[in-house]
Amino acid sequence: MAARAGQGGAGGRGASGRGAGGRSAGVRAAMGERGARGGSNGRSAAPSSTASRVLDTAERLVQVRGFNGFSYADIAAELRITKASLHYHFATKADLGEALINRYSARFFAALAEVDADGAAAPAKLAAYAKLYVDVLSEQKMCLCGMLAAEYPTRPPPMQAAVVGFFDHNEGWLEAVLERGKDEGSLAFAGPARDTARMIVSGLEGAMLVTRPYGDAARFQVAAASLLASLTAPADGPSRA
């Protein structure tokens with residue numbers, strides 16, 4: 001949350017770029033804590049220590065407060081740098097936001113590629129996908145793109161496109177997993193795989209949001225487990241049409 005990490009991913013539907021890494025380091029590898037990629041102004045295309053620290057801090061603030069919940073002054077104060085230094089690396093907050101989404105997406109997509117590389121059965125891949133969300137909640141954070149989706153109308157077009165690309169890619173990856181699972185008989189669902197993929201993303205993002213006020217990650221885990229169990233094919237019998 002690669003161009004399908006295996007076979008049919010975003011399929012050209014606007015997904016952001018890929019990155020190296022994997023889920024071996026847990027959600028930190030998928031959801032991003034280190035490294036930097038510049039925004040549309042291109043100044044921070046190459047990682048730098050200051051740019052990385054800015055991205056790390058901004059990412060955490062978005063996942064806890066939302067993009068509208070912090071300013072450059074907050075980052076400058078926390079990192080003990082000047083706002084001028086921030087503007088050197090990310091001329092505007094919109095540039096910073098675009099860089100955040102690109103980095104987050106690249107690491108999430110790399111984690112999906114790692115899931116594919118394991119060669120596990122489709123149900124195990126879906127469980128690994130849900131675990132990415134569990135790991136974020138365990139750190140009392142939210143999915144970065146989920147937070148930005150909640151603020152979507154207030155975001156500039158490049159950020160909006162990047163958020164949509166993130167979800168498009170996730171749905172494309174899930175669609176391929178679902179189709180493979182149905183073909184193999186390990187998954188069962190009615191209707192097109194694309195619709196079920198959208199249901200999974202919406203269900204997990206929604207469960208994450210509703211879980212937040214309770215501060216209880218187990219609440220999310222129960223919801224996620226129920227959602228995935230509803231897709232598991234019976235031990236005996238054909239999959240549903």
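Visitor: Is Asp 74 buried, partly exposed or exposed?
Guide: Asp 74 counts as partly exposed, since its relative accessibility is 30%. Here buried means under 20% relative accessible area, exposed over 50%, and partly exposed in between (1.4 Å probe, protein chains only). Mind that this is a predicted model: local features need pLDDT of at least 70, side-chain atom pairs count only at pLDDT 80 or more, and totals for chains, interfaces and linings use all residues. Residues are numbered from 1 along each chain as its sequence is written, and side-chain values use heavy atoms, with hydrogens and water left out.

Visitor: Which residue does Asp 74 form a salt bridge with?
Guide: Arg 65, with the closest N and O atoms 3.7 Å apart. A salt bridge is a side-chain nitrogen of Lys or Arg within 4 Å of a carboxyl oxygen of Asp or Glu. Arg 65 is partly exposed too, at 47% relative accessible area.

Visitor: How many salt bridges does the structure hold?
Guide: There are 10. One of them pairs Arg 60 with Glu 78, the closest N and O atoms being 2.0 Å apart. Arg 60 sits in helix α2 (residues 49-65) and Glu 78 in helix α3 (residues 72-79), so the pair ties together parts 18 residues apart in sequence. Helices (H or I, at least four residues) are DSSP runs, numbered from the N terminus.

Visitor: New topic: what about Glu 171, buried or exposed?
Guide: Buried, at 13% relative accessibility. Its salt-bridge partner Arg 198 has the closest N and O atoms 3.6 Å apart, and Arg 198 is partly exposed at 37%.

Note on methods:
Helices (H or I, at least four residues) and strands (E, at least two) are DSSP runs, numbered from the N terminus.
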